[in-house]
Amino acid sequence: LDMICLHDECTWKGTCGRFDSHLDKDCPHEPIECTGEGGCGARVPRREMATHQQFVCLQSCPNSKAKAQGSDGETLDTCDVRLSRNALFDHLKNHCKLRLIHCPHPSCKFSTAYNRMPAHVEVCPLAPVSCPRQCDSPNLTRGCLVAHKGDCPNEPVPCVHAPLGCSHVAPRGQIGQHEQDIGVHFVALSKAFVQLQQSHGQLIGHRLKAIEARLEDHSILLQPLALEAQAKVEAKAKAEAEEAK
């Protein structure tokens with residue numbers, strides 16, 4: 001006995017034994033469930049399933065299932081966005097807040113989630129920077145600024161003769177000319193010499209006073225011994241005088 005499909009749009013005809021197989025496997029108008037990875041469970045005609053899964057069925061962002069990790073091993077948040085499958089690739093590439101991106105500075109290998117990158121960029125040691133003293137040194141990065149300060153020609157530095165009393169400060173690139181000025185440093189050296197003599201004289205005066213005070217203390221301590229020794233000498237002399245008589 002020949003049978004026809006249940007769906008008016010379908011032109012299938014066949015035997016009763018093939019009817020169930022036709023509906024289960026072949027009929028393009030038979031509603032089937034959206035299954036598989038990320039399937040939404042909706043029942044859609046078989047012929048429309050591919051379109052449904054690509055443009056209609058909402059898929060969860062992969063970052064909603066497995067937490068992403070940055071290059072530092074830090075576990076990040078999850079993304080709860082649901083999109084159609086055809087929009088998911090663009091989401092993962094350009095819009096997901098947890099998509100892993102690399103630091104925009106070419107020399108830096110750090111990577112993390114898109115929403116965490118601004119915090120890294122603010123402190124990235126390989127970020128190109130300009131010298132705070134506006135020198136023309138090329139290829140400076142944030143991490144080398146401390147070392148650059150020791151070489152920067154515009155960094156203010158004291159005169160090499162500062163220990164001799166020179167208080168002049170100038171950019172490193174210009175301080176050499178000042179340091180070669182003999183006249184300026186002769187005056188500074190003379191002032192420093194006078195100050196040294198004065199301080200040295202004061203120091204000697206303080207030390208002499210300290211020595212005198214200590215000697216006075218010692219003389220007070222030795223006075224009883226001196227008196228005892230003098231008494232012994234006088235007693236001995238008196239005894240010898242009596243024996244001579």
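This is a predicted model: local features need pLDDT of at least 70, side-chain atom pairs count only at pLDDT 80 or more; totals for chains, interfaces and linings use all residues.

Q: How far apart are Ala 162 and Met 117, in sequence and in space?
A: The two kinds of separation are stated individually. Ala 162 and Met 117 are 45 residues apart in sequence, and their C-alpha atoms are 47 Å apart in space.

Q: Is His 148 buried or exposed, and which residues does it touch?
A: The same cut-off of under 20% for buried applies here. His 148 has 10% relative accessibility and therefore counts as buried. His 148 is placed in helix 5 (residues 145-149). Setting aside residues up to four places away in sequence, His 148 touches Cys 131, Cys 135, Ser 137 and Leu 140.

Q: What is to be noted about the phi angles of Gln 134 and Asn 139?
A: Gln 134 has a positive phi of about 60°, although it is not a glycine. Asn 139 likewise has a positive phi of about 60° and is not a glycine.

Q: Where do Gln 134 and Asn 139 lie, and are they buried or exposed?
A: Gln 134 is found in the loop between helix 4 (117-123) and helix 5, and Asn 139 is also placed in the loop between helix 4 and helix 5. For Gln 134 the relative accessibility is 64%, so this residue counts as exposed. Asn 139 is exposed as well, its relative accessible area being 74%.

Q: Where is His 7, and which residues is it in contact with?
A: A contact here means heavy atoms within 4.5 Å. His 7 lies in the loop between strand 1 (2-4) and strand 2 (13-15). At 19% relative accessibility, His 7 counts as buried. Apart from neighbours within four places in sequence, His 7 is in contact with Leu 23, Cys 27, His 29, Glu 30 and Pro 31.

Q: How many helices and strands does the protein chain have, and why is it described as more spread out than a compact globule?
A: The protein chain has seven helices and ten strands. Its radius of gyration is 49 Å, well over the 18 Å that the globule rule gives for 245 residues, so the chain is more spread out than a compact globule. Along the principal axes, the C-alpha trace spans about 180 × 60 × 20 Å.

Q: What do the totals for burial, contacts, surface and charge show?
A: Buried residues make up 23% of the 245 residues. Among contacts between residues at least 6 apart in sequence, 18% join residues at least 24 apart. The chain exposes about 17,900 Å², of which carbon and sulfur atoms supply 57%. There are 27 positive and 29 negative side chains, and the centres of the two sets lie 2 Å apart.

Note on methods
Residues are numbered from 1 along each chain as its sequence is written. Side-chain values use heavy atoms; hydrogens and water are left out. Helices (H or I, at least four residues) and strands (E, at least two) are DSSP runs, numbered from the N terminus. The radius of gyration is taken over C-alpha atoms; the globule rule is 2.2 Å times the number of residues to the power 0.38. Buried means under 20% relative accessible area, exposed over 50%, partly exposed in between (1.4 Å probe, protein chains only). Accessible areas come from the Shrake-Rupley method with a 1.4 Å probe; for residues, only the protein chains shown count as cover. Lys and Arg count as positive and Asp and Glu as negative; His and the chain ends are not counted. The place of a charge is taken as NZ of Lys, CZ of Arg, CG of Asp or CD of Glu.
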